[in-house]
There are 2 protein chains.
Amino acid sequence: MEQDPGFIAAVEEAKQGLAEGGVPIGAALVSKDGKILGRGHNMRVQKGSAILHAEMSALENSGRLPASAYEGATMYTTLSPCDMCTGACLLYKVKRVVIGENKSFMGGEDLLKNRGAETVVLDNQECKDLMEKFMKDSPQLWNEDIGV
Amino acid sequence: MEQDPGFIAAVEEAKQGLAEGGVPIGAALVSKDGKILGRGHNMRVQKGSAILHAEMSALENSGRLPASAYEGATMYTTLSPCDMCTGACLLYKVKRVVIGENKSFMGGEDLLKNRGAETVVLDNQECKDLMEKFMKDSPQLWNEDIGV
């Protein structure tokens with residue numbers, strides 16, 4: 001699953017976020033037939049945004065879609081989704097959430113499962129390395145991003 | 001509570017959304033000392049946005065803030081918050097969510113309460129009238145907005 005185009009895109013997005021001086025978390029929303037509907041990364045720094053977490057950017061960059069477009073879709077994300085991003089996946093009934101890692105931060109995985117979404121945690125080393133360095137280098141920014 | 005500046009602002013925002021041809025739902029985020037941090041309305045139509053529900057717009061228009069800014073804050077919204085907006089309120093630990101009505105749509109109120117947020121439902125007639133007319137006039141747009 002680490003070779004899925006959606007996951008590769010999510011990691012690319014995380015690295016792009018880092019290169020821009022932002023929070024290095026990326027995501028990609030992929031339809032049931034494998035098409036990347038949208039991809040994006042955290043834009044807190046770049047746009048001064050309180051809501052553009054990676055998964056939210058991926059949803060926003062997918063544009064306005066009917067509910068049918070999300071049927072069977074997978075959200076790939078480099079980090080366990082926070083409450084907001086969990087809720088967004090629930091709103092659109094994303095079927096599966098593939099998570100790079102949840103060691104740095106554990107989000108709403110239980111709620112996703114309780115509501116019928118599949119979750120897969122890859123425990124990906126590259127994702128962990130990105131977050132570990134970021135949390136060490138920018139603890140204040142990281143806290144702001146998760147409301148702590 | 002229907003005379004709170006935050007609620008009045010939320011209703012004004014909902015009407016503004018309607019005037020723009022959009023989904024007539026508004027919200028305002030108010031700090032513990034009564035300052036409106038940000039207000040906004042649903043921007044699905046106006047910006048082709050999948051994530052700018054009213055509460056999300058209010059959070060986004062509040063800008064980048066430290067966690068302390070949300071302490072004791074109230075989110076006023078004209079309609080019961082969907083899963084995404086519920087999650088956003090949880091992320092930032094909004095203390096209280098004041099809801100115009102939940103007859104047209106019931107969102108994540110139980111989750112908010114389970115997680116320690118106070119919820120108040122006003123059962124406001126103006127909010128109900130706005131939604132009732134909208135849901136009758138634009139059922140497809142409404143379904144799209146709630147992922148149905």
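User: Which residues of chain A does the UniProt annotation "domain: CMP/dCMP-type deaminase" cover?

Analyst: The structure is a predicted model. The annotation comes from an unreviewed UniProt entry. Over the annotated stretch, the chain is 39% helix and 18% strand, with its end C-alpha atoms 12 Å apart. In chain A, the annotation covers residues 1-119.

User: What area is buried between chain A and chain B?

Analyst: The contact draws 34 residues from chain A and 34 residues from chain B. Carbon and sulfur atoms give 58% of the buried area. The area itself is about 2800 Å².

User: Which three residues supply more of the area that chain A buries against chain B than any other three?

Analyst: Together, the three supply 25% of the area that chain A buries against chain B. They are Ile51(A), Arg64(A) and Leu91(A).

User: With which residue does the side chain of Arg64(A) meet in a salt bridge?

Analyst: Between chain A and chain B the count is four salt bridges. A salt bridge needs a side-chain nitrogen of Lys or Arg within 4 Å of a carboxyl oxygen of Asp or Glu. For Arg64(A), the N to O distance is 2.7 Å, and the partner is Glu144(B).

User: Which helix gives the most to the side of chain A that touches chain B?

Analyst: Across this interface, 18 residue pairs are in polar contact. On the chain A side, α2 (44-47), α3 (54-61), α4 (67-70), α5 (83-91) and α8 (139-145) each supply at least two residues. With six residues, the one that gives the most is α5(A).

How values were computed:
Residues are numbered from 1 along each chain as its sequence is written. Chains are lettered from A and ligands numbered from 1 in the order in which they are written. This is a predicted model: local features need pLDDT of at least 70, side-chain atom pairs count only at pLDDT 80 or more; totals for chains, interfaces and linings use all residues. Side-chain values use heavy atoms; hydrogens and water are left out. Contact means heavy atoms within 4.5 Å. Buried area is the accessible area (1.4 Å probe) that two parts lose on being put together, summed over both. A polar contact is a pair of N or O atoms within 3.5 Å; within protein, one must be able to donate a hydrogen and the other to accept it, and residues adjacent in sequence count only if both atoms are side-chain atoms. Helices (H or I, at least four residues) and strands (E, at least two) are DSSP runs, numbered from the N terminus. UniProt positions are given in the numbering used here, feature names are shortened, and annotations may be inferred rather than shown by experiment.
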